[in-house]
Amino acid sequence: MKSVDAHLADILATVRPLAPLELELEQALGATLAEEITSPVPLPPFANSAMDGYAVRASDIADAPVTLPVIDDVAAGAGELLAVGPGHAVRIMTGGPMPSGADTVVPVELTDGGTVQVRIDETVREGNAIRLAGEDVQAGAVVLKPGTVIGPAQLGIIAGVGRRRVLARPRPRVVVLATGAELIEPGLPLGPGQIWDSNSFTLTAAARSAGADGFRAPTVGDDPAAFLERLDAQLVRADAVVTSGGVSMGAYEPVKEALGPLGTVRFDKVAMQPGMPQGFGTVGDDQVPIFALPGNPVSSFVSFTLFVRPALDKMRGLPAGPPATVTVRTTASLRSPAGKRSFLRGMLGSDGSVAPVHGQGSHQLAALASANALIVVPEDVTEVPAGEQVEVIRL
Ligand SMILES: Nc1nc2c(c(=O)[nH]1)N[C@H]1C(S)=C(S)[C@@H](COP(=O)(O)OP(=O)(O)OC[C@H]3O[C@@H](n4cnc5c(N)ncnc54)[C@H](O)[C@@H]3O)O[C@H]1N2
Ligand code: MOO
C-alpha cells in the first residue's frame, strides 16, 4: 500500500500554481496577489477632519467659552476652501479637507452648533481631531506584498490606493462530480435502494472553504461512458476536478473504469482509514488534475482534507503541505488498524483534550458533522490508552 505522505507528495509534484491574471476588484476576493501594491499618493491624500465640528486656530479658543464668526462650511469632498484667519471658524464635516490657517478641530458637541457664529464652550489641544496627510501610507510605500491572499480588508486597501485591477492568481475552479446509481437529489422522494446525494454538497462546500470556486455538476450513474461525457463537458470550466465514488473493487466502478484506461490517472490503495481507495492524475488536453475520491461520505471528506486542500493551496500559490496538527490529550482509548494511518473523528474540548465521537464508520455522516477535529493515529500504533497525547487536525 502507498503511504499517505507518498500520495500527497505525488499530488503536490503534479499540480502547478495557476497563472496570474489581471482581475477586476469584484473578482479578486480570495485570489493570491502576484504583484506588489504601492500607493501612488499619500493616504490620507490631504489633512482632513476626523470629526464633525469647527476648524479653528487653537490660540483663538484658549480662553473658551468664546464666540467666533463662521466664515465657511466644508463638507467632505469640498474643493474650494477659504483660509481661516485669526478669530475665524469654519464649520467642517468628518473627511472634509482642513482649510489653511486652521490647526485644530473642535467637535460639534463642545459648541452650540451655530452656522453664522458659533459658541465654543471648551478648549481642545492644538491639532485635535485632524488626520494628517500620509498618516496611514506614505506616497510610494508598499501596502501589500505578492503572495498575500486578498480578503475584504486587502481589497479595501487595493481600492483605497486607486487600483481597479490587480495581478493575482485566481481562485481555482473546482468541479465536483458525484457518481452512483443510488444517488438522488435532496428534496426528491427516496425510492427503493436510493440515498440522497450528500458528498457533492460537502465537497463543493469544502472547495469553497479552501478558497476555490466550487461547482457542483449533476451526478452521474454507474455508466463509465456517461461519466466520461459529463467530465468532458465540465472540463472547460475546471482547474481541478473532484469526483466521489466508483473507485473500489466492485462490479460497477465507473470512475475507475473510465479513467483507468486513459493512462494518466493512477488508482492506489493508500494506507489510511478512512479513504483507502484513491485515484489521482490529470485529464484532458490541459492536463487538469483530477482527484477520484472514495464514495463513503467520511472517506471523501477526509481525503479532501488530506489531499485536495493542500493541492488547492499550491494552485493558489500558497505554501502547501500536510494539514497542520496540534497535540492534545485523548479522553478515551483509541483503536486503529495496523499499517494504516487513522483519522478518527473527534471533538476538541476547551480544556486541551479531544474526545472521539460515537460512530467511527466511514458511512457515518452524522458523527462527522458532530466532530470538529480528526485524531491522527500513526501507522505503527494500534491502540492509544486514554490520557495519552495525540495529534489532531482541526476541521
Ligand atoms: N471488496 C472491497 N470492497 C470495498 C473496498 C475494498 O477494498 N474491497 N473498499 C471499501 C472502502 S475502504 C471504500 S472507502 C469504499 C469506496 O467505494 P467507492 O469509492 O467505489 O464508492 P461507492 O461504492 O460508489 O460508494 C461507497 C458508499 O458511499 C455511498 N456514497 C457514494 N456516493 C455518495 C454520495 N454522493 N453521497 C452520499 N453517499 C454516497 C454509497 O452509497 C456507498 O454506500 O469501498 C469499500 N468497498
Ligand atoms: O477507506 Mo474506506 O474509506 O474505509 O471506507
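User: Is glycine 279 buried or exposed?

Analyst: In this predicted model, glycine 279 is buried, because 21 other C-beta atoms lie within 10 Å and the cut-off for a buried residue is 20 or more.

User: Which strand does glycine 279 lie in?

Analyst: Glycine 279 belongs to strand S20, which covers residues 277–283.

User: And what does glycine 279 touch, leaving out residues up to four places away in sequence?

Analyst: Its contacts on that basis are Val247, Val255, Lys256, Leu259, Val265, Arg266, Phe267 and Ala292.

User: How far is glycine 279 from aspartate 268 in space?

Analyst: The C-alpha atoms of glycine 279 and aspartate 268 are 6.2 Å apart, with a separation of 11 residues in sequence.

User: Turning to the ligands, which residues come nearest to ligand 1?

Analyst: Of the 27 residues around ligand 1, the nearest are Asn199, Gly245, Ser248, Pro294 and Gly295. By class, the shell holds 10 nonpolar, 14 polar and three charged residues.

User: What surrounds ligand 2?

Analyst: Ligand 2 has Gln273, Pro274, Gly275, Met276, Pro294, Asn296, Ser299 and Ser362 around it. Three of the residues in this shell are nonpolar and five are polar, with no charged residues.

User: What does UniProt list for residues 175–314?

Analyst: An unreviewed UniProt entry gives "domain: MoaB/Mog" for residues 175–314. In the model, that span is 33% helix and 26% strand, and its end C-alpha atoms lie 17 Å apart.

Terms used: Residues numbered from 1 in each chain as written. Chains lettered and ligands numbered in written order. Predicted model: local features only at pLDDT ≥ 70, side-chain atom pairs only at ≥ 80, totals over all residues. Near = placed C-beta within 6 Å. Nonpolar A, V, L, I, M, F, W, Y, C, P; charged D, E, K, R; others polar. Helix = DSSP H or I, 4+ residues; strand = E, 2+ residues; numbered from the N terminus. Buried ≥ 20, exposed ≤ 12 C-beta atoms within 10 Å, placed from the backbone. Contact = placed C-beta atoms within 7 Å. UniProt positions renumbered as here; feature names shortened; annotations may be inferred.
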